[in-house]
Amino acid sequence: MQLLPGRRLRIAIVGGGIGGLTCAATLRDCTDIEIDLFEAAAKFTAIGAGIVTWPRTWAVFEALGLNKEMLEKMKRLDSVEEGFPAWEFRLSDAQKGKKVHELYYENATPTNLHRQQLLDFLLEHLPPHCQVHFGHRLVSCHEYEDARGFGVELRFRNGVVRDKYDLVIGADGLKSVVRQAVIARESGLGVLPEEKVYTQGDGVERLGEDGQCEVGKRNDILFTGQSAFRGLVPREKLAALHPNHRVLRTSTIYCGKSKHVVMYPINKGQIVNIVAFFADSQSGSPVILETAGSSSPQNNRVPTEAVVGMYPGWEDEVVDVLKMLENATIWPIFDLQPLKTYVTPRIALLGDAAHSMSPHLGAGACTAIEDAYILGSLISKARLTTPKDVKSVLDVYNSLRQPYGNEIMRWAREMGEYYEFDSPDVQVEVEECTKSKLVDEVNEEQLAVFRKGAEKYWSWPVREAGTIGEKLLGEPAEVSSVFCRI
Ligand SMILES: Cc1cc2nc3c(=O)[nH]c(=O)nc-3n(C[C@H](O)[C@H](O)[C@H](O)COP(=O)(O)OP(=O)(O)OC[C@H]3O[C@@H](n4cnc5c(N)ncnc54)[C@H](O)[C@@H]3O)c2cc1C
């Protein structure tokens, strides 16, 4: 395939989620770059209702010139009211729970956006030189440097083969196929021969009988040992029983030993979003075994009684809400084996493909947006003149995002362990046989460590990632001219 006249580079973005679409939007001024965006689904769809964004995410939208239009067009589902904490933390595994901490941010109110609206908005802002290909599920990504020259070849399940990309951006989420090419190269396996693409247990993509990727067979994806029930409760329903229920206004994390429940209002307080976690590292409940690896909510339905039964003896304000859950679903929680690198000379990973994280800090989508913006800015502003320059830009991207992404992924996992008092820092033993409760066993010293941890990990939304600007100073002039301060 030849470059179209006047085009200097050919880029493929694999995955049209929040990360992939943001990256394409960032490349809007690169009219001399050919961009193909491949999405497995037949259209762009989002799972889940809301996504919490922070001022640092809005700095990206502002830099893209999208913030004003976004504010006008998109329904914001603000959750935190003036004077209320961003989060309240409680010990809740007994009839009488207790508040242990409140977290406030100065001048950093989170904004809750509707996921599908965000995708639709980004889609509207795809540059005209970006060709979207739906129904293209990538099955292999092959980077080569041989008699043919150099480039990246992509093969799709529908039989389509596209070749000679100068750069492939893997934005294909948790089960990323592009990640396999990065791991293979980094681990010295080099380019995987085609017949290995579907083999089991060596960290490469494997397709089950239903054609879905079998997550459990991959060694780059880690089951965190936790699973979560998710569901929504309408405000009216809850207010009828508890007119002053805390979660009608305050985002709350209810902690117990090896379990915790997160509840927060969305949709201007009209709905309460519930995510109830429990540790399942030992045995794996039948529910989990049946649903592990499924990415479809329809397949993950669980009866309300199963949810309520998981939290016996918890304070009424938790149990009463759980009883109101309709259409609850269950989700195994995964994160990744931290990657040593997010890039090869011609491939870059972003978002969940690079650092799929557990949801305990609500940071995954925002980090994907930042990755996408930084990678896109580097490509667009560095004025690459030859495909070979791609490597130097990707190295800069990697030096900025790999340490950060891996750290936030680790923080998210550690925060989850704190909520359940399972972290070595704040471990509390609870005797199952004597039915002791976290709320009775925890002491002031442990609570002080918990509070300190919550302050540290939840500092991510306001943490300066200004190192981005600083780090660029040492890079080649054309790259260091990029301004991507967040
Ligand atoms: C249940 C749940 C709740 C969450 N809640 C929050 C939250 O409140 N706040 C937050 O910040 N984050 C949250 N996250 C995390 C957040 O959703 C992700 O971090 C974010 O969506 C990552 O965006 P992405 O574009 O990297 O990947 P994705 O959103 O996963 O998008 C990947 C895209 O690639 C496509 N794709 C996948 N494989 C292929 C293939 N082989 N070929 C072609 N296309 C492919 C997919 O169809 C999809 O469109 C949550 C995650 C889950 C699972």
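These exercises, each with a worked solution, go through the parts of one predicted model.

Residues are numbered from 1 along each chain as its sequence is written. In this predicted model, local features need pLDDT of at least 70 and side-chain atom pairs count only at pLDDT 80 or more, while totals for chains, interfaces and linings use all residues.

**Exercise 1. The whole chain**

State how many helices and strands the chain has, and what percentage of the residues count as buried.

Solution. 
- Start with the terms. Helices (H or I, at least four residues) and strands (E, at least two) are DSSP runs, numbered from the N terminus.
- The chain has 16 helices and 17 strands.
- Next, burial. A residue is buried if 20 or more other C-beta atoms lie within 10 Å of its own, exposed if 12 or fewer, and partly exposed in between; C-beta atoms are placed from the backbone.
- Of the 486 residues, 48% count as buried.
- Last, contacts. Two residues are in contact if their C-beta atoms, placed from the backbone, lie within 7 Å.
- Take the contacts between residues at least 6 apart in sequence: 73% of them join residues at least 24 apart.

**Exercise 2. Helix 11 and its partners**

Describe how helix 11 packs against helix 1, helix 12 and helix 2.

Solution. 
- Two packed helices are described by the angle between their axes and the distance between the axes.
- Axes are lines fitted to C-alpha atoms, for helices over the stretch in contact, and angles run from 0 to 180 degrees between N-to-C directions.
- Angles under 35 degrees count as roughly parallel, over 145 as roughly antiparallel, 65 to 115 as roughly perpendicular and the rest as oblique.

Step 1: helix 1.
- Helix 1 (residues 18-26) and helix 11 (residues 364-381) have axes that come within 8 Å and cross at roughly 30 degrees.
- The two helices are therefore roughly parallel.
- Their crossing is right-handed. A crossing is left-handed if the near helix is turned anticlockwise from the far one by less than a right angle, and right-handed if clockwise.
- Helix 1 uses I18, G19, T22, C23 and T26 here, and its partners in helix 11 include A365, A368 and S380.
- The classes are these: Ala, Val, Leu, Ile, Met, Phe, Trp, Tyr, Cys and Pro count as nonpolar, Asp, Glu, Lys and Arg as charged, and the others, Gly among them, as polar.
- The contact of helix 1 with helix 11 has eight nonpolar, six polar and one charged residues.

Step 2: helix 12.
- The axes of helix 11 and helix 12 (residues 390-419) come within 10 Å and cross at roughly 170 degrees.
- So helix 11 is roughly antiparallel to helix 12.
- Among the contact residues are T367 and L378 of helix 11, with V393 and I408 of helix 12.
- This contact of helix 11 with helix 12 divides into nine nonpolar, two polar and two charged residues.

Step 3: helix 2.
- Helix 2 (residues 55-63) packs on helix 11 at about 35 degrees, with the axes 9 Å apart.
- The crossing of helix 2 and helix 11 is left-handed.
- T57, V60 and A63 of helix 2 meet C366, I369, E370 and Y373 of helix 11.

**Exercise 3. The ligand shell**

Find which residues come nearest to the ligand, and which element gives the largest share of the shell.

Solution. 
- A residue is near a molecule if its C-beta atom, placed from the backbone, lies within 6 Å of it.
- There are 33 residues around the ligand, and G15, G17, G173, G351 and G364 come nearest.
- Helix 1, strand 3 (50-53), helix 10 (352-355) and helix 11 give two or more residues each.
- Helix 11 has the largest share, four residues.
- By class, the shell has 17 nonpolar, eleven polar and five charged residues.

**Exercise 4. Residue D172**

Locate D172 and decide: is it buried or exposed?

Solution. 
- D172 sits in the loop between strand 11 (167-170) and helix 5 (178-186).
- D172 counts as buried because it has 28 C-beta neighbours inside 10 Å.
- D172 and D352 are 180 residues apart in sequence, yet 7.3 Å apart in space, C-alpha to C-alpha.
- Not counting residues up to four places away in sequence, D172 touches V14, G15, L138, V177, V178 and A353.
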